[in-house]
Amino acid sequence: MIEELFQIEKHAYKDSCIHRLDARVKILLAFAAIIAIVAVPYSNMVYTVGGIFFAFFIVLWALTRLSPRIYLQRLIEIVPLWGIVIFFQIFLKNKYYVDYHVVMTLPFGIAIYAESIQFAFILLVKFIVSISFIILLSSTTKVQDMLEGGVRLGLPADFALILGMMIRYLFVFGYIYRKVNESLATRCFNAFDRRLPWKYRMRQLGYTLGTMFIRAYEQGERVYTSMLCRGYGRSSFLYIKKKPLCRGDIAFLCASLAFVIVIPVTIWLTAIRFF
Amino acid sequence: MHIPDAFMPIWQGAIYWIIALVFIMLALRWAKNQLTEEKIPVVAVLAAAVFALMSFNLPVSMGTSGHLIGGALVAIVLGSPFAAVFILTLVLIVQGVLFGDGGITTMGANIINMGVIGGFVGYYSFHGFMRVTKNISFSAGPAAWLACFIPAEVCAVEMYFAGTFPLREGLIAMGLYHALIGIIEAVITVLVIHLILRVRPDLIDEKVRQLQAKGVNG
């Protein structure tokens, strides 16, 4: 995961109208879209809301001028594990349906149900839409901007101070992680090589991770010393300049929030009236 | 164990968020009271390191791999379960917002599972085992295993309440997988603690050092 960090940050440094939006706008939009799609009940309504949200996401992604391949690569990295859980849904019954109709019977008494397939698709749509908005947010917003946006939205200062330092050192540890892996590879060490005794592999990995832990601690001590030289103290606080949203940001935020709220509500009201 | 968005109804996610926020507030209070000036950058850098440590793929068995969660390790080394809550909350925020690993609406549940339950189980079971075994390895190992296994089982229960996975199958699947990953977590935790005790004993919690000084070592 840490290796993706450099790639994600590289994309965030590109320029487009979405990149130029204030981080607060993108955070609020992503969170609102995720909350809205998750709030839609597990029903067929999800297909319509999810479809419209995904179309909205595609428009936003097109405006970022980033390649669709970047989105697909990131999606493929995230989906597999929970994709398996979603796939297994087709064999399982859940509390959202009363009657189940068998579509196919397999050996060992395993059956695939029509309702379970439907539920799996509902989960998949919700999952993909949620992930897509996170990908949009992180691919178009620099990590530091995201932190500043978070602070301006009310993230506690103590938390923000440590989170900011953590983010700064994520990149340092990204490099260390890469170097450690390279040096392990240079020594022809592969943790998954079964020809090596398991005990030996564990010891090597344990000491590697332990060394990294100690290096982190020592790095932290050095950081403290250098921060002291630059006027840091317990009483110092994180100061982030006030930055009012510009008209364009406000207009975009209002329009997209209205869209994200109105669409599910309208579809829900239509569904109620229909039934 | 990182539950993504969509796998939990929004109201359940909100409940877990409220519970998680209580623990985050307590962890913030711990940080304010317990973290000395020089410890603040150290904890921040450690959080970045824990993130990197979690990126290492570790061989489990039958071709599967897992990664370190680190709740028990952080709690034991820094001497407080709130340290685990604090650091894992930071890590989970970064994982969720930057990488989409774990959801936004489900982040409360993830913080409870890995940070709160992992940290508290890891810390208190370590000290409980220490009283019985008087051996750091025999205490840190099982504590780390429990800190991996119990949150996984809780995660299965949460998924059951969410209606996205049946209880029995969830408990078996999550239990078996994390019982195996837990062994790796246990071995790595023991090795890391031993390495720190040997190389930089001053970094580790004083209680653990005292136990080592008494000759209680594994």
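How many of the 275 residues of chain A count as buried? The answer is 34%. Keep in mind as we go that this is a predicted model.

Let's stay with chain A for a moment. Chain A is built from 10 helices and 2 strands. If you walk along the sequence, the elements come in the order α-α-α-α-α-β-β-α-α-α-α-α. Chain A has a radius of gyration of 24 Å, while a compact globule of 275 residues would have one near 19 Å. Now look at contacts between residues at least 6 apart in sequence: in chain A, 79% of them join residues at least 24 apart.

Let's zoom in on one pair of helices. Two packed helices are described by the angle between their axes and the distance between the axes. In chain A, take helix α3 (residues 23-39) and helix α7 (residues 143-152): their axes come within 8 Å and cross at roughly 80°. An angle from 65 to 115 degrees counts as roughly perpendicular, so that is the word for how α3(A) lies relative to α7(A). Which residues do the touching? From α3(A) come Ala23(A), Arg24(A) and Ile27(A), and they meet Asp145(A), Met146(A), Glu148(A), Gly149(A), Gly150(A) and Arg152(A) in α7(A). Sorted by class, the residues of this contact are 3 nonpolar, 2 polar and 4 charged.

Next up is chain B. Here you'll find 8 helices and 2 strands, following the pattern α-α-β-β-α-α-α-α-α-α along the sequence. Chain B has a radius of gyration of 17 Å, close to the 17 Å that the globule rule gives for 218 residues, so chain B is as compact as a globular protein of that length. Its C-alpha trace spans about 50 × 40 × 30 Å along the principal axes. Buried residues make up 61% of the 218 residues in chain B. As for contacts between residues at least 6 apart in sequence, 71% of those in chain B join residues at least 24 apart.

Finally, let's see where the chains meet. The contact takes 61 residues from chain A and 52 residues from chain B. On the chain B side, the elements giving two or more residues are α1 (10-34), α2 (39-53), β1 (58-59), α4 (81-99) and α7 (167-199). The top contributor there is α2(B), which gives 13 residues. What kinds of residues does chain B bring to this contact? Its side has 38 nonpolar, 7 polar and 7 charged residues.

Definitions and conventions
Residues are numbered from 1 along each chain as its sequence is written. Chains are lettered from A and ligands numbered from 1 in the order in which they are written. This is a predicted model: local features need pLDDT of at least 70, side-chain atom pairs count only at pLDDT 80 or more; totals for chains, interfaces and linings use all residues. Two residues are in contact if their C-beta atoms, placed from the backbone, lie within 7 Å. Helices (H or I, at least four residues) and strands (E, at least two) are DSSP runs, numbered from the N terminus. Ala, Val, Leu, Ile, Met, Phe, Trp, Tyr, Cys and Pro count as nonpolar, Asp, Glu, Lys and Arg as charged, and the others, Gly among them, as polar. The radius of gyration is taken over C-alpha atoms; the globule rule is 2.2 Å times the number of residues to the power 0.38. A residue is buried if 20 or more other C-beta atoms lie within 10 Å of its own, exposed if 12 or fewer, and partly exposed in between; C-beta atoms are placed from the backbone. Axes are lines fitted to C-alpha atoms, for helices over the stretch in contact, and angles run from 0 to 180 degrees between N-to-C directions. Angles under 35 degrees count as roughly parallel, over 145 as roughly antiparallel, 65 to 115 as roughly perpendicular and the rest as oblique.
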